[in-house]
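Trainee: I've just opened this one. Can we walk through it together?

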Amino acid sequence: AAAGHAFFTTLLSDRWADVALIFALLTPAIAFQAALGLNGQAFMASGRTDLRLRAMSEMTIGWIVILIIAAPFGVAAIVAARSLFYITFIPRLGVLTKKAFNVGFMDILRCLMKPTLVSLAAALVHLFITYKFELTSPVELALALCLLLSVWLFIWVISVQGLKRDIAYLQRPNTMA
């Protein structure tokens, strides 16, 4: 998102420059939706389709209300409202998740905090470097790619032990049978 202008103008054309702002505003919604999107399947797998229906209904109604409020202010306001809505819906999703699993808002927050902060830090580093130095668009894209790969590596490093533990837990023989 921080390199959106260089991305859109280099890979498409200058006519796409304005899309960079829309993409940057939409990025939090995309990221949190990707991170939390599996909750519906988890609810269904646990036999709690009622919670999936409730979460989707509340999100839909909330989004319609936010859309109606933001629409008069234009596309950028709608996209920013979408991201803000996803962020503010996380606590509610935590309440619903707690009903199905022994996982609540603070657990969700702990999982999202480090990757979110690392991603924000990388975006700020990108913005600082591009502000301080006059980079060509291809160099800016290379910088963004290096920062993206660094973020992914860092997230993998901080997540791999927990993932291994969770996979081992799921692979245990079922002792209830």
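**Salt bridges, helices and surface**

Trainee: Starting with Arg48, what does it count as?
Mentor: Arg48 counts as partly exposed, because its relative accessibility is 26%. The cut-offs are under 20% relative accessible area for buried and over 50% for exposed, with partly exposed in between (1.4 Å probe, protein chains only).

Trainee: And where do these numbers come from?
Mentor: This is a predicted model, in which local features need pLDDT of at least 70 and side-chain atom pairs count only at pLDDT 80 or more, while totals for chains, interfaces and linings use all residues. Residues are numbered from 1 along each chain as its sequence is written, and side-chain values use heavy atoms, with hydrogens and water left out.

Trainee: Fine. Which side chain does Arg48 meet in a salt bridge?
Mentor: That of Asp50, at 2.8 Å from N to O. A salt bridge here needs a side-chain nitrogen of Lys or Arg within 4 Å of a carboxyl oxygen of Asp or Glu.

Trainee: Why does Asp50 count as partly exposed?
Mentor: Because its relative accessibility is 40%.

Trainee: How many salt bridges does the count come to?
Mentor: Four. One of them joins Arg92 to Glu58, with the closest N and O atoms 2.6 Å apart. That pair links distant parts of the chain: Arg92 sits in helix H5 (residues 75-100), Glu58 in helix H4 (residues 49-70), and 34 residues separate them. Helices are DSSP runs of H or I with at least four residues, strands are runs of E with at least two, and both are numbered from the N terminus.

Trainee: What is the relative accessible area of Arg92?
Mentor: It is 24%, so Arg92 is partly exposed. Glu58 is partly exposed too, with a relative accessible area of 24%.

Trainee: Where do Arg110 and Asp107 lie?
Mentor: Both are in helix H6 (residues 105-132), three residues apart, which is about one turn of the helix. Arg110 counts as exposed at 54% relative accessibility, whereas Asp107 is partly exposed at 26%.

Trainee: Which residues do salt bridges that share partners join into one network?
Mentor: Arg54, Glu58 and Arg92.

Trainee: Switching to packing. At what angle do H4 and H5 pack?
Mentor: About 155 degrees, with their axes 10 Å apart. So H4 is roughly antiparallel to H5. Axes are lines fitted to C-alpha atoms, for helices over the stretch in contact, and angles run from 0 to 180 degrees between N-to-C directions. Under 35 degrees is roughly parallel, over 145 roughly antiparallel, 65 to 115 roughly perpendicular, and the rest oblique.

Trainee: What's in the loop between H1 and H2?
Mentor: Asp18 is there, between helix H1 (4-11) and helix H2 (19-36). Asp18 is exposed, because its relative accessible area is 66%. From Asp18 to Leu96 is 78 residues in sequence and 38 Å in space, C-alpha to C-alpha.

Trainee: Is Ala55 buried or exposed?
Mentor: Buried, with a relative accessible area of 3%. Ala55 is in helix H4.

Trainee: Which residues form the nonpolar patch on the surface?
Mentor: Leu153, Phe154, Trp156, Val157 and Ile158, with about 490 Å² of accessible area together. Patch members have over 30% relative accessible area and no salt bridge; like charges are joined within 9 Å, and nonpolar side chains (Val, Leu, Ile, Met, Phe, Trp, Tyr) within 5 Å. Areas come from the Shrake-Rupley method with a 1.4 Å probe, and for residues only the protein chains shown count as cover. Ile158 lies in helix H7 (residues 137-171) and is partly exposed, at 34%.

Trainee: Last one. What does the secondary structure come to?
Mentor: Seven helices and zero strands. The C-alpha atoms fill a box of roughly 65 × 45 × 25 Å along the principal axes. Buried residues make up 25% of the 177 residues.
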